[in-house]
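Hi,

Here is the model I said I would pass on.

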Amino acid sequence: MRLADLGERSGVPLATVKYYLREGLLPPGRRVNATQAEYDESHLRRLRLVRAMIQVGRIPVATVREVLAHVDDDSLGLTVRLGAALWALPHPAGEAPGAPAEAAGPSREAADDPHRAAADLLVDELLARLGWSAARELGALSPAHRALVATLATLHRLGYPLDADDLLPYARTMEQAAAHDLDRMEQLPTPREQTEYAVASAALFEPVLLNLRRLAQCEESNRRYGL
């Protein structure tokens with residue numbers, strides 16, 4: 001398809017499609033002559049992903065470019081490719097993508113803050129009991145690990161401490177969710193499409209999980225206490 005067809009099929013204005021091409025968010029098409037190129041279904045899929053990340057996920061263009069660079073890196077194994085793409089996404093609890101972290105050992109924050117130190121120990125205990133070896137090995141290199149520690153430290157500081165027994169049922173539920181995520185991802189034919197799906201799920205699908213949890217809480221409360 002030509003560039004105008006790509007814009008029409010995606011519903012993205014042609015000027016925006018050209019901007020995404022200039023910014024490297026959309027791969028160039030196959031050149032057919034000096035002034036024209038052809039695009040295929042992979043471009044359409046990528047264009048829809050970029051549009052969703054920017055418009056729905058409110059992710060900055062520079063971050064989208066970084067995420068997609070990992071998605072397109074065929075030199076990486078699938079686990080590293082997924083991890084790099086997902087780590088580049090914005091994370092909660094004030095953890096910026098690529099924020100510096102110590103590879104091992106207690107952080108300066110943990111040394112200065114007993115709540116942070118307690119959270120570090122709690123997360124290490126939790127991961128050990130779960131048998132999540134990759135998560136333990138990556139440790140504070142992972143934005144998700146840092147965000148979890150920061151959140152638990154804040155809860156501890158505010159007088160709502162948790163222990164590993166409190167967190168285990170949630171973590172086991174997340175194991176099941178992760179298995180379902182990868183089962184769905186593996187239905188796609190290529191590592192690039194699989195990584196695109198994982199990025200879309202992380203950027204756009206997590207609010208679905210949050211709201212399902214809140215609806216489930218409402219339903220369970222009704223079962224126990226009535227309306």
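Below are my notes on the domains, the salt bridges and the aromatic rings.

A word on the ground rules: this is a predicted model, with local features needing pLDDT of at least 70 and side-chain atom pairs counting only at pLDDT 80 or more, while totals for chains, interfaces and linings use all residues. Residues are numbered from 1 along each chain as its sequence is written, and side-chain values use heavy atoms, with hydrogens and water left out.

Domains first. The assignment (bounds from an automatic or database domain assignment) gives domain 1 as 1-90 + 188-227 and domain 2 as 91-158. Where they touch (heavy atoms within 4.5 Å), domain 1 brings 5 residues and domain 2 brings 6 residues. Together the two domains bury about 480 Å², 67% of it on carbon and sulfur atoms; buried area here is the accessible area (1.4 Å probe) that two parts lose on being put together, summed over both.

What sort of residues does domain 1 put against domain 2? By class, that side has 5 nonpolar residues, with no polar and no charged ones. For the classes, Ala, Val, Leu, Ile, Met, Phe, Trp, Tyr, Cys and Pro count as nonpolar, Asp, Glu, Lys and Arg as charged, and the others, Gly among them, as polar. The count of salt bridges between domain 1 and domain 2 is 0.

Now for the salt bridges overall: the count comes to 17, taking a side-chain nitrogen of Lys or Arg within 4 Å of a carboxyl oxygen of Asp or Glu. One of them joins Glu38 to Arg30, with the closest N and O atoms 2.6 Å apart. Glu38 is partly exposed at 29% relative accessible area, whereas Arg30 is exposed at 52%. The cut-offs are under 20% for buried, over 50% for exposed and partly exposed in between (1.4 Å probe, protein chains only). Another pairs Arg129 with Glu125, the closest N and O atoms being 3.5 Å apart.

Last, the rings. There is 1 aromatic pair in the structure: Tyr19 and Tyr20, tilted, at 6.0 Å centre to centre and 50° between the planes. The rule takes rings of Phe, Tyr and Trp (its six-membered ring) with centres within 6.5 Å, and calls planes under 30 degrees apart stacked, over 60 edge-to-face and the rest tilted. Tyr20 is buried at 3% relative accessible area, while Tyr19 is partly exposed at 31%.

Cheers
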